Amino acid sequence: VSAQESEIPMLSVPDGRLVRRIEQPGSLTWMAFSPDGQSLAVACETDKGGAVQLRNPVTGEHLHSFPKPEIIDFVAWSPDGRMLATVSEDEKDVRVWEAASGQQRRRLAGHDEPILMVAFSPDGRRLASARADTTGLVWDLYHAPVVGAITPKQLEACWANLAGPDPEKALDAVCRLIRSPDQSVSYLKDRLAPVAAPEVGR
């Protein structure tokens, strides 16, 4: 696919037959299939800046867009397909997005120059970012500072954030609960009801 094209031709692998064309709002800058092949992340340049969309590669359906004004130069999926990482030549940070909602989970600042590419570790818990001068950083996406035993008030806040609309706060809550397993397990046991076993024969 040419970077100047605003359409993505989807071809049949066995015979090379054109299946469909997926129209985009601008010139393509990067695209990447999700690990299960069910979603296609497409980054393009428009008159208003950058645009990142998730598309169904079979139907061409637009799933949702990422609120990203900068032009994206690289997109990477996490191994489980739940997150995407993006970098841009217009900024020095890595952004990590929740694939299901298109909302930002993390903004990772540490480079002093724009980043070329990123890659997730096989377990999806870490992310490596690299610059052209061979500088590389490794990020722990599930890191939470150790601040002692979690208090009942903090547990309530974590529970609220897990159910809230902000994926970054929800991920922080998960990390905080992981760091305090004894209190967290006891708290969650009182709030998560067991799933009823299915009836035999149904």
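**Exercise 1.** Classify Arg107 as buried, partly exposed or exposed from its relative accessibility of 42%.

*Solution.* Start with the cut-offs: buried means under 20% relative accessible area, exposed over 50%, and partly exposed in between (1.4 Å probe, protein chains only). Arg107, at 42% relative accessibility, therefore counts as partly exposed.

The model is predicted: local features need pLDDT of at least 70, side-chain atom pairs count only at pLDDT 80 or more, and totals for chains, interfaces and linings use all residues. Residues are numbered from 1 along each chain as its sequence is written, and side-chain values use heavy atoms, with hydrogens and water left out.

**Exercise 2.** Find which residue forms a salt bridge with Arg107, and state where the two residues lie.

*Solution.* A salt bridge is a side-chain nitrogen of Lys or Arg within 4 Å of a carboxyl oxygen of Asp or Glu. Arg107 pairs with Asp93, and their closest N and O atoms are 2.8 Å apart. The pair links distant parts of the chain, 14 residues apart: Asp93 is in the loop between β8 and β9, and Arg107 is in strand β10 (residues 104-108). Helices (H or I, at least four residues) and strands (E, at least two) are DSSP runs, numbered from the N terminus. Asp93 has 13% relative accessibility, so Asp93 counts as buried.

**Exercise 3.** Describe the salt bridge of Asp112 with Arg131 and classify both residues.

*Solution.* The closest N and O atoms of Asp112 and Arg131 are 2.4 Å apart. This pair also links distant parts of the chain, 19 residues apart: Asp112 is in the loop between β10 and β11, and Arg131 is in the loop between β12 (126-130) and β13 (136-140). Asp112 counts as partly exposed because its relative accessibility is 49%. Arg131 counts as buried because its relative accessibility is 14%.

**Exercise 4.** State how many salt bridges a search of the whole structure finds, and describe the one between Glu98 and Arg105.

*Solution.* The search finds four salt bridges. In one of them, the side chains of Glu98 and Arg105 meet at 3.6 Å, N to O. Both Glu98 and Arg105 are buried.

**Exercise 5.** Summarise the chain by its helices, strands, buried residues and confidence.

*Solution.* The chain has three helices and 13 strands. Of its 202 residues, 40% are buried. Confidence is given as pLDDT, the predictor's confidence in each residue, from 0 to 100. The chain averages a pLDDT of 81, and 92% of the residues score at least 70. Confidence is lowest in strand β1 (residues 7-11), at a mean of 73, and highest in strand β11 (residues 117-120), at 92.
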